[in-house]
Amino acid sequence: MDTRIVYPQPLMPGIGKPVTGITPHPNAKAPEESFQKILEKKALKFSAHALQRLTQRNIKLDDAEISKLNEAVDKASQKGARESLILMRDMALVVSIKNRTVITAVDGSAMKDNVFTNIDSAVIVPD
């Protein structure tokens, strides 16, 4: 014996077909951002200028250093920083915290005679 219920007509006159999916509650929050979008927001970017400086000055960053740099950006962000000077190893990087973008990079020898402007914070990354 078949126990299925078949609705040959709408459940309520004038409403159309019965609802088959889940209808969100009117006060329900919008869906959370996708994991990929969250990762993209957290990803550190390098401006064209910074990439040029890294190449010119033969500065190479390995995965561990990129991870430390990300942590430094996170710390600066938590403190409300906008533009930070991040000192790591024998280099200095100016980073837009809001955009998570490295703006420029300077190696140890070029750092000695430089003045860093338009920054509101500094983060020193331990070795």
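1. Which residue forms a salt bridge with Asp-90, and how far apart are the closest N and O atoms? In this predicted model, the partner of Asp-90 is Arg-89, and the closest N and O atoms of the two are 3.9 Å apart. Asp-90 itself is partly exposed, with a relative accessible area of 47%, and Arg-89 likewise counts as partly exposed, at 43% relative accessibility.

2. Arg-89 also meets the side chain of Glu-65 in a salt bridge, with a distance of 2.7 Å from N to O. This pair links distant parts of the chain, since Glu-65 belongs to helix H3 (residues 63-78) while Arg-89 sits in the loop between strand E2 (83-88) and strand E3 (91-96), 24 residues apart. Glu-65 counts as buried, because its relative accessibility is 12% and the cut-off for a buried residue is under 20%. Taken together, Glu-65, Arg-89 and Asp-90 are linked in a network of salt bridges.

3. Asp-74 forms a salt bridge with Arg-100, with 2.9 Å between the closest N and O atoms. Because Asp-74 lies in helix H3 and Arg-100 in the loop between E3 and strand E4 (101-107), the pair ties together parts that are 26 residues apart in sequence. Asp-74 is partly exposed, with a relative accessible area of 23%, whereas Arg-100 counts as buried, at 7% relative accessibility.

4. Turning to the sheet, the reader will find an open arrangement of five strands in the order E1-E4-E3-E2-E5, with mixed pairing. Strand E1 (45-46) and strand E5 (121-125) stand at the edges, and each has a single partner strand, so one side of each is left without a neighbour in the sheet. As a general point, the strands of a sheet pair through backbone hydrogen bonds, in either the parallel or the antiparallel sense.

5. How do E2 and E5 pair, in the parallel or the antiparallel sense? Five bridges join E2 and E5, and their pairing is parallel. Within this pairing, Leu-87 stands opposite Ile-124 in E5, and Met-88 stands opposite Val-125 in E5.

6. E2 and E3, by contrast, run antiparallel and are joined by six bridges, with Leu-85 standing opposite Val-94 in E3. The two strands form a hairpin with two residues between them, and Arg-89 in the turn has a positive phi of about 50°. This is the Arg-89 already described, whose salt-bridge network also includes Glu-65 and Asp-90.

7. In H2, the residues Ala-50, Arg-53 and Leu-54 are buried. They cover an arc of only 100° around the axis, which puts them on the same side of H2. What covers these buried residues includes E1 and E4, while the face of H2 turned away from its buried side carries the exposed residues Ala-48, Thr-55 and Gln-56. After H2 comes Asn-58, whose phi is positive, near 55°.

8. Leu-44 is buried, with a relative accessible area of 14%. Leaving aside its neighbours within four places in sequence, Leu-44 is in contact with Leu-69, Asn-70, Val-73, Arg-100, Thr-101 and Val-102. Among these, Leu-69 is 25 residues from Leu-44 in sequence and 8.4 Å from Leu-44 in space, C-alpha to C-alpha. Another of these contacts, Arg-100, is the residue that forms a salt bridge with Asp-74.

Key
Residues are numbered from 1 along each chain as its sequence is written. This is a predicted model: local features need pLDDT of at least 70, side-chain atom pairs count only at pLDDT 80 or more; totals for chains, interfaces and linings use all residues. Side-chain values use heavy atoms; hydrogens and water are left out. A salt bridge is a side-chain nitrogen of Lys or Arg within 4 Å of a carboxyl oxygen of Asp or Glu. Helices (H or I, at least four residues) and strands (E, at least two) are DSSP runs, numbered from the N terminus. Buried means under 20% relative accessible area, exposed over 50%, partly exposed in between (1.4 Å probe, protein chains only). Two strands pair if DSSP finds at least two bridges between them. The arc is that of the directions from the helix axis to the C-beta atoms. Contact means heavy atoms within 4.5 Å.
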